[in-house]
Each structure stands twice: as structure tokens, then as C-alpha cells.
Amino acid sequence: MKRDDDYLRQIMLNLENSDETMFDAPLFLSMSLEDSKLQYHAQLSCDAGLMVEINDGVFRMTSQGHDYLDAIRDDGIWRKTKDGAATVGGVTLGMMKEIAIALMKQKLSEKLGISF
């Protein structure tokens, strides 16, 4: 299964927008494709330090995860980030965050008239 950056972003946005601090993505031997995709992306987010598994199949977002989400929250910045990553055939999640932060800094510089 390929990593789906849009799907991972949506998981994080959904968690942040819920009243819950955690979400379930239990691992079963016979899982639906959707459950399998959720479990896989939850594990990938743990690999990247964006989430942590606090119990079997129970995940919460880390501070680093909140920082990543802040960097990719804006739809315009997200589109530009993905476009930039696509020009080189894909990048790591860490590089996605760096691209998004650079775009955020550029946008802030334009709006505030200061350099970063």
C-alpha cells in the first residue's frame, strides 16, 4: 500500500477537530480495506513521530504532529506543498513539512512585510 499524504492529513485534521484526544485503528487479521488503510497510515504517522500508539490500536497526535498539521493546514499551502513534492517524484514527510514551512514563511513575509 502506498502512503497517501492527503489521507494522512485528513486523519490528523479529523482528530484535531474532534472532542477526542485519541482515535482507534485496531489491527485485526481480517480487516476491511478502509480499516487496513487507517491502521497503516496511523503506523506510518508513528514512524514519522507525528503520532504515538498509546495502547494497541489507540493513537494520539504528538506535539510534532500538531506542528506538521499547522504547517499543512492551509489548503493553498497544502496544494503547493504537494505540487513541489511531485516535481521531484515525492519526498519524505519531514521534507513535506519543510516545504510547507517555507511556503508559510513566504506568505507571512508578504502579509506582514517582514523577513524570516
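**Reading a predicted chain: contacts, sheet, helix and core**

Tutor: Residues 24 or more positions apart account for 58% of the contacts in this chain with a separation of 6 or more. Keep in mind that this is a predicted model.

Student: Which elements does the chain have, and in what order do they run?

Tutor: There are five helices and three strands. Starting at the N terminus, the order is α-β-α-β-β-α-α-α.

Student: What box do the C-alpha atoms fill, and what percentage of the residues is buried?

Tutor: Along the principal axes, the C-alpha atoms fill a box of roughly 55 × 30 × 20 Å. Of the 116 residues in the chain, 32% are buried. The accessible surface comes to about 7,300 Å², and carbon and sulfur atoms hold 52% of that.

Student: Now the sheet. In what order do the strands stand?

Tutor: The order is β1-β3-β2, in an open sheet of three strands with antiparallel pairing. β1 (22–24) and β2 (51–55) each have a single partner strand, so one side of each has no neighbour in the sheet. From one strand to the next, the twist averages 35 degrees.

Student: How many bridges join β3 to each of its partners?

Tutor: Four bridges join β2 to β3, and three bridges join β1 to β3. Take Val58 in β3 as a case: Asp24 stands opposite Val58, and Asn55 also stands opposite Val58. Further along, Val52 has Arg60 of β3 as its bridge partner.

Student: What lies between β2 and β3 in their hairpin?

Tutor: Two residues lie between the strands, and in this hairpin Gly57 takes a positive phi near 80 degrees.

Student: Which residues of α2 are buried, and what covers them?

Tutor: The buried ones are Leu38, Gln39, His41, Ala42, Leu44 and Ser45. Their cover includes α1, β1, β2 and β3.

Student: Why does Gln39 count as buried?

Tutor: The cut-off for buried is under 20% relative accessible area. Gln39 has 6% relative accessibility, so Gln39 counts as buried. Leaving out residues up to four places away in sequence, Gln39 touches Ala25, Pro26, Leu27, Met31 and Phe59.

Student: What is the general idea behind a nonpolar core?

Tutor: In soluble globular proteins, nonpolar side chains tend to be buried together. Here the largest nonpolar core has 26 residues, and Met12, Phe23 and Tyr68 have the most contacts inside it.

Student: Which elements supply at least two residues of this core, and which gives the most?

Tutor: At least two residues each come from α1 (5–17), α2 (33–47), β3 (58–61), α3 (63–72), α4 (75–86) and α5 (93–112). α1 gives the most, with six residues.

Student: Which residues does Phe23 touch?

Tutor: Not counting residues up to four places away in sequence, Phe23 touches Ile11, Leu15, Leu38, Ala42, Met51, Gly57, Val58 and Phe59.

Definitions and conventions:
Residues numbered from 1 in each chain as written. Predicted model: local features only at pLDDT ≥ 70, side-chain atom pairs only at ≥ 80, totals over all residues. Heavy atoms only, no water. Core = buried A, V, L, I, M, F, W, Y, C linked by side-chain atoms within 4.5 Å. Buried < 20%, exposed > 50% of the residue type's maximum accessible area, 1.4 Å probe, protein only. Contact = heavy atoms within 4.5 Å. Pairing = 2+ DSSP bridges. Axes fitted to C-alpha atoms, helices over the stretch in contact; angles between N-to-C directions. Areas by Shrake-Rupley, 256 points an atom, 1.4 Å probe, with all protein chains shown as cover.
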